[in-house]
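Here's a quick walk through the model, one region at a time. Have the sequence and the 3D view open as you read.

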Amino acid sequence: MQTVSSVLRGVRRVVNQVSIPALEFGAKGFTGTILRKISAARGSKIDNPPIDQWRYPGSSPESYNPTEAVRVLSFLRANAEKIDRSAALFEDQESRDLYADLWAYRALGPAHVRLPKANPEYMIKFAEAERSRVGDSPFQFPPFPLHRFAGPAGTVDCWLGNVVAALEEQYWFSRNGVSIAPRKGDTVIDGGACFGDTSLLFAEAVGPSGHVHSFEPLASQIEIFSHNLGANQDLAARITHHPFALDNKSGKQLFFSQGAGARSDDAGERVETRTIDDLRFEHVDYIKLDIEGAETACLEGARETIRRCRPKLAISAYHSMDDLASLPSLIHDIDPAYRLYLDHHTIHSEETVLYAIHPEGSA
């Protein structure tokens, strides 16, 4: 029986060839489950796999990329213990099954792995979102056009994909009687508010007695965010905007590249950081983070708040393989009483959300 090392050596020998060898090995633990899933999926092919033509216009299904397969397999081998630990922390089998599917998808792509959302019900949401379009937007924000939509939380200028995410209820978790969502009267932190559409949804959910603290540091997004608040003033009264990047240390100066806000080492728009702990909110009931790979740093800077307030958590876990491998363990290390669940909200590798709820936190 081959070892993981021998499989990787075999894969590397054919990186530039048409196929990679079957991945048969004796790896133990949950990582072994993932690798066996990759092996099985590699031996089959999905006919006419769906492609998100909004997110990837003009794309067509491709066979696996051997170089990417090697990268994923190498990461799995180097981080097997971390991945095994994270998988063991999930509360339900659905989360563990999805966790394996997501790793297999990263290795092999849509031609070999079908994610749960690859179904007609999900694709219909694009048509539903398009029907809610009421006009064009005066703003531009590449790589996608902005339009004006009439949604469940008022009229907003945003991307079509934002409306699909709202219809998908991306930051609302409900499975087998477990609910992790903002409720009436909650204080919510919206980390990575972007155009403000999610903040408005949260403001609608928490009602007049709740409040939303929205963090968006970039001027281009803030301009659209402010416009959307102005168009929905009743809900805007429940929202406070904070022009900072959330991090593990306050007062740092960071640079952000143009676009959706990826961090850059030395070029782009300069922003200042804050930690959630240093902001000393009296109470926090719910934290949502989608901050382009800075989720780990933000959680490190929110340890005291999480331990004190025990908020519900909805944390993006797709920006890097290390996030997918490590974020469950990080939340467990902050407070081991948290119960963890995983869900995924697209037919491609983006929009994996890690949900967490404390048994003694707010319902």
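## What you're looking at

This is a predicted model, so to speak: local features need pLDDT of at least 70, side-chain atom pairs count only at pLDDT 80 or more, and totals for chains, interfaces and linings use all residues. Residues are numbered from 1 along each chain as its sequence is written, and side-chain values use heavy atoms, with hydrogens and water left out.

Strand β16 covers residues 352–357 and runs antiparallel to β15, with 6 bridges joining the two. (Strands are DSSP E runs of at least two residues and helices are H or I runs of at least four, numbered from the N terminus; two strands pair if DSSP finds at least two bridges between them.)

Both belong to an open sheet of 7 strands, ordered β8-β7-β6-β13-β14-β16-β15, with mixed pairing. At its edges sit β8 (239–242) and β15 (339–344), each pairing on one side only. On average, neighbouring strands here are turned by 15° against each other, direction ignored.

## The three-stranded sheet

There's also an open sheet of 3 strands, β1-β2-β3, paired antiparallel. Its edge strands are β1 (133–136) and β3 (154–158). Strand β2 (residues 147–151) pairs with β3 over 5 bridges, and Phe149 has Val156 in β3 as its bridge partner.

Lying across β2 and β3 is helix α9 (residues 219–230), which runs at about 165° to β3. (Axes are lines fitted to C-alpha atoms, for helices over the stretch in contact, meaning heavy atoms within 4.5 Å; angles run from 0 to 180 degrees between N-to-C directions.)

## Nonpolar cores

The largest nonpolar core has 53 residues, and Ile38, Tyr99, Trp103, Leu299 and Ile331 touch the most other members. (Such a core is a set of buried Ala, Val, Leu, Ile, Met, Phe, Trp, Tyr and Cys residues joined through side-chain atoms within 4.5 Å; buried means under 20% relative accessible area, exposed over 50%, partly exposed in between, with a 1.4 Å probe and protein chains only.) Helix α5 (residues 93–108) gives the most to this core, with 9 residues.

Leaving aside neighbours within four places in sequence, Trp103 has contacts including Ile34, Val72, Phe75 and Met321. Apart from this core lies another, of 42 residues, among them Leu160 and Phe195.
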